[in-house]
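This report walks through selected local features of one protein chain. Please keep the sequence and the 3D view open while reading.

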Amino acid sequence: MLSREDQLKQLKEDTIWDITIIGGGATGLGAAVDAASRGYKVLLLEKYDFAKGTSSKSTKLVHGGVRYLANGDIKLVIAALRERGLLFKNAPHVSSVQSFIIPVYSLFSKVKYLAGLKIYDWLAGSLRIGASKLLSKADVLARLPHIKSEGLQGGIIYYDGQFDDARLAINLAQTAIEQQATVLNYVEAVQITKDSLGKITGLISRDTVTGTTYTIQSKSVINATGIFVDDILKLDQENHKNLVRPSQGSHIVIDQKFLAGNDALMIPETSDGRVLFGVPWHGKVLLGTTDIPIDQHSIEPKPMAEEIQFILDTAAAYLNPAPQRKDILSIYAGLRPLAAPTGPNSSSTKEISRDHKLIKSESNLITITGGKWTTYRKMAEECIDLAIKVANLSVKACVTKDLPIHGYSKNPNLVAWNSYGKDYESIIQLQQAHPEWKQPLIEGYPYTLAEVVWACRNEYIVKVEDFLARRTRLLLLDAKASRIASLQVAEIMAQELGKSAEWINQEVKEYKELTDNYIL
């Protein structure tokens, strides 16, 4: 892997890029992999860390979307189910099949949900991963021992996908680099450049670590910045009217004991008519999500008190014992970039399509917005197809349907917990060469000092939060524990990256402030 410094040197060259992508979340990284694997000269710039925003704060599901099926969005469900199958094939080290159980308390519910899920199975076609079926009351209680039994008439089990979103993101960045793309975090697009006809010629960027600016020449520019697409569109056109209205989805993380099994819980109808999941993940349980329209976007949204209470109240209607506020290990929120509503009911997000949109502006800036993690590959394919037309590039076919993602491994000894895939072999070698690096970062979690070293050398971490929030997931799993681990992470990073004692103190201070958003 080229280092971040080596890649920055490529910006100093008098290079004309075929495709420059702004945004290092799911969509941008997918586009970089697609374009580079076709053989184009590709540059990706991310203002923060890879997947710092929404792309690391999902419910960790790779799914067609049972809820979308209920809303009649058949086209989106079929496309997502197909992409789910391709992700299992190309990135088995960060994705897996997950069983879900819907507890039912009436005969009508049993019939309704089973019929819907049979359609869901059928829509997956040859990529179906399991058949939904009825469970008796005894079966449900055996698999979900803490589900409320009063009035329970049984349940339905169905199968969908689960993944580690931030780990997939860094693996996509590594895959793009292996395909000869230049991929940089902490580099911000600050200005779009145009010719005398008003057509885009590139952009001005700034390394937010050093303050160095770079002039980028590019035949095409893609705006893949998620909830921030309007900020980039305003660089293109000052009077731009917002395309996106953010919707906040919040989660709480609790101990595995509240589900006490390997199955996920799916609550199909909450008090506001939405869906809530309880999903086993890295030894904990995620409960979420909400869907609240908000007016402002930020890179670090915080769950609102009413969202947390809604999740707890919904869980209490199904679980016994029910989690309390004191049981919450971490809270987190992500912002979905939904299409800004134009109708009279601007407070509702239920009717806004989750499908993606591709837009070409008069300047030839390409913007992609909407969509979801599951369909990232297909979104990228369509985006690059449009960039080829706009920039009049030689046509080359997409190859990502059959492209293994960095770390690809089906070895069960490598994927049981860590999500590193084949890279885990190299981490083990680090530990063998330096036995002191086998030491765990913090008691009760399997993360080791060797993983910090590995991330410094191979996974482009710049800040302590990059490691604790996204290369490992300790911030989301146990925010207080991650705060305790932050000093040791900073010390190892300083040694690996040549940083000062002052840098260590500042990083630990900033990380403590960050964790305030994740701790009740």
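Is Ala 51 buried or exposed? Ala 51 is buried, because its relative accessible area is 2% and buried means under 20%. This is a predicted model.

Ala 51 sits in the loop between strand 3 and strand 4 (61–62). Its phi is positive, about 60°, although Ala 51 is not a glycine. Lys 60 lies in the loop between strand 3 and strand 4 as well. Phi of Lys 60 is near 65°, again a positive value in a residue other than glycine. Lys 60 is buried, with a relative accessible area of 0%.

Two peptide bonds are cis. One runs from Gly 288 to Thr 289, with omega near 15°. Thr 289 belongs to the loop between strand 16 (284–288) and strand 17 (292–293). The other runs from Asn 320 to Pro 321, with omega near 5°. Pro 321 is in the loop between helix 9 (305–316) and strand 18 (330–339).

| Site | Feature | Value |
|---|---|---|
| Ala 51 | positive phi | about 60° |
| Lys 60 | positive phi | near 65° |
| Gly 288 to Thr 289 | cis peptide bond, omega | near 15° |
| Asn 320 to Pro 321 | cis peptide bond, omega | near 5° |

Two of the pairings can be followed in detail. Strand 2 and strand 3 pair in the parallel sense, over four bridges. Ile 19 has Val 42 of strand 3 as its bridge partner. Strand 12 (residues 221–223) and strand 20 (residues 366–370) also run parallel, joined by two bridges. There, Ile 222 is bridged to Ile 366 of strand 20.

What happens on the two faces of strand 3 (residues 42–45)? In a regular strand, side chains alternate between the two faces of the sheet. Both faces of strand 3 are covered. Val 42 and Leu 44 are buried on one side, and Leu 43 and Leu 45 are buried on the other.

**A residue in strand 9**

Gln 191 is placed in strand 9 (residues 187–194). Gln 191 has 44% relative accessibility and therefore counts as partly exposed. Which residues does Gln 191 touch, leaving out those up to four places away in sequence? They are Leu 203, Ile 204 and Leu 235. Ile 204 is 13 residues from Gln 191 along the chain, and their C-alpha atoms are separated by 5.0 Å.

**Helix packing**

Helix 2 (residues 26–38) packs with helix 7 (residues 165–178) at an angle of about 25°. Their axes are 8 Å apart. Why do the two helices count as roughly parallel? The angle is about 25°, and angles under 35 degrees count as roughly parallel, so helix 2 and helix 7 fall in that class. Their crossing is left-handed.

Helix 2 contributes Leu 29, Gly 30, Ala 32, Val 33 and Ala 36 to the contact. Helix 7 contributes Ala 169, Leu 172, Ala 173, Thr 175 and Ala 176. By class, this contact of helix 2 with helix 7 has eight nonpolar, two polar and no charged residues.

How many of the 10 residues of helix 13 are buried? Nine are, and the helix is mostly covered. Among them are Leu 449, Glu 451, Trp 454, Cys 456 and Asn 458.

Note on methods: Residues numbered from 1 in each chain as written. Predicted model: local features only at pLDDT ≥ 70, side-chain atom pairs only at ≥ 80, totals over all residues. Heavy atoms only, no water. Axes fitted to C-alpha atoms, helices over the stretch in contact; angles between N-to-C directions. Parallel < 35°, antiparallel > 145°, perpendicular 65-115°, else oblique. Left-handed = near helix turned anticlockwise from the far one by under 90°. Contact = heavy atoms within 4.5 Å. Nonpolar A, V, L, I, M, F, W, Y, C, P; charged D, E, K, R; others polar. Pairing = 2+ DSSP bridges. Buried < 20%, exposed > 50% of the residue type's maximum accessible area, 1.4 Å probe, protein only.
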